[in-house]
Amino acid sequence: MRKVKMYLFLFTFWFTAYCGIVASQFLPSSDRVIRATVVGLDGVIVLLALLAVFRNRNFYGVKLFVLFLLSVVVTIIYSSDRFGLAEQFNGLRETLFYFSSLVVVYDLFMSEERQTFVRWMTISLIVFAIAQTPTSFYQFLRFGAGDLVGGTYGIRGGSGVVSQALFVICFYLMVRFASLDDESHFKVIRMVFILPLLIPCALNETKVSFVFLAAFLILLVASRRQIYRAIPLLLMGAILAVLLNYYYTQNVEDTRNIFDEKYVERYLYSNTTEKGGDLPRFQRVTLMFKMMGSDVGSILFGMGYGVLGGGNLMDVSRMGRALYYLVNGSRILLFRVWIQGGLISVLLVGAAMFTYLRRTPGLTHTRKQFKRFVAFSLAVVWLYNEAILDRTFVMMVWFFIVWLSFADDDLAAVDESTTEGSLEH
């Protein structure tokens with residue numbers, strides 16, 4: 001049964017990772033079938049999580065999953081006058097997948113299939129990372145730099161998620177295949193073969209790539225000893241930064257604008273737009289709180305999961321149409337989670353995301369650096385995009401987080417008695 005679960009999980013990862021480019025570029029006529037398949041796979045992952053709840057009941061992810069389900073019931077009841085059940089469940093799918101996939105990943109790690117799962121997920125991540133370069137170049141040559149360069153996500157957005165995923169994947173691959181034997185630092189020669197995976201970040205106009213690149217390089221070179229090893233890493237990082245800056249400046253805009261205080265303020269908060277346009281990210285949050293006003297119920301439990309979603313397999317809700325100017329476009333995770341499920345949902349999503357930080361003792365230096373980079377990437381999500389609610393991205397993130405919770409010498413064999421083991425809450 002665990003082997004079947006592993007295959008279903010891997011198939012879901014593969015399908016969601018590549019279906020975007022198929023639906024948006026190669027076979028547009030298959031779009032509706034692909035979207036229906038994604039809905040079905042959502043149900044599969046949720047079902048697998050529910051089947052694993054009891055045997056992993058001491059895992060903190062299971063407890064948060066159950067608490068989230070209880071909060072959903074309250075939210076649905078509270079907003080029942082605004083949305084029907086179908087609208088609520090449709091808007092709930094991404095957040096439910098977020099919690100469910102964590103439970104499934106943990107359940108697979110605590111099974112006899114752990115070694116196989118780690119191997120196949122690592123191969124899948126490598127293939128996914130490699131695939132972004134030819135697909136991104138194809139889109140870049142056809143459409144130019146910008147949001148249409150989404151790699152295997154296609155031309156309907158996803159460029160930011162691709163960039164973020166590539167940085168995290170590259171760090172993971174460096175820990176696995178470019179670390180010294182004692183994992184105290186990285187082998188520069190091996191890093192040379194991994195860094196080119198970041199090439200798409202120079203083609204897709206993702207401004208946040210510069211932020212990730214800075215954190216990426218700082219964590220790669222930081223070490224208490226063998227400082228001389230940081231010199232070639234810094235040189236490689238400087239070359240990568242110069243190339244990224246050059247291609248971005250040539251194809252998009254002068255990168256000096258990105259760090260201009262007035263530009264950042266307009267980009268994130270105060271840029272004026274007509275109703276129906278793309279509001280700045282933080283402006284959506286202020287408008288959301290104005291809408292909620294003094295309604296404590298909406299603040300705590302949200303305005304309902306039906307406020308977002310629809311327009312593909314089912315119609316957009318009446319309130320969704322009325323708030324289209326607010327919910328359409330570039331949203332941040334804080335806005336998405338709060339407007340749907342309220343402060344309770346924000347706290348539960350955050351707890352699932354960052355609890356691992358205090359549950360990974362005894363890590364080697366390179367793994368500690370990777371742990372910090374994952375945490376940094378997830379913190380950025382709250383104020384930049386909704387990457388963590390993307391199915392492919394969240395599946396790889398949970399894989400990284402659970403993998404960080406185990407030592408390599410524990411990968412050789414798994415005692416069934418550890419089912420309620422080291423991640424016990």
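Glu94 and Arg336 are both buried (under 20% relative accessible area; over 50% is exposed and in between is partly exposed, with a 1.4 Å probe and protein chains only). The two form a salt bridge, with the closest N and O atoms 3.3 Å apart. A salt bridge here is a side-chain nitrogen of Lys or Arg within 4 Å of a carboxyl oxygen of Asp or Glu. Glu94 lies in helix 4 and Arg336 in helix 15 (residues 333-354), so the pair ties together parts that are 242 residues apart in sequence. Helices are DSSP runs of H or I, at least four residues, numbered from the N terminus.

This is a predicted model: local features need pLDDT of at least 70, side-chain atom pairs count only at pLDDT 80 or more, and totals for chains, interfaces and linings use all residues. Residues are numbered from 1 along each chain as its sequence is written, and side-chain values use heavy atoms, without hydrogens and water.

Salt bridges link Asp42, Arg93, Glu94, Arg331, Arg336, Glu386 and Arg391. Glu386 sits in the loop between helix 16 (365-384) and helix 17 (391-403). Glu386 is buried, at 17% relative accessible area. Its side chain makes a polar contact of 2.6 Å with that of Arg331 and one of 3.0 Å with that of Arg336. A polar contact is a pair of N or O atoms within 3.5 Å; within protein, one must be able to donate a hydrogen and the other to accept it, and residues adjacent in sequence count only if both atoms are side-chain atoms.

The structure holds 13 salt bridges. Another joins Arg156 to Asp31, with the closest N and O atoms 2.7 Å apart.

Definitions and conventions
Helix = DSSP H or I, 4+ residues; strand = E, 2+ residues; numbered from the N terminus.
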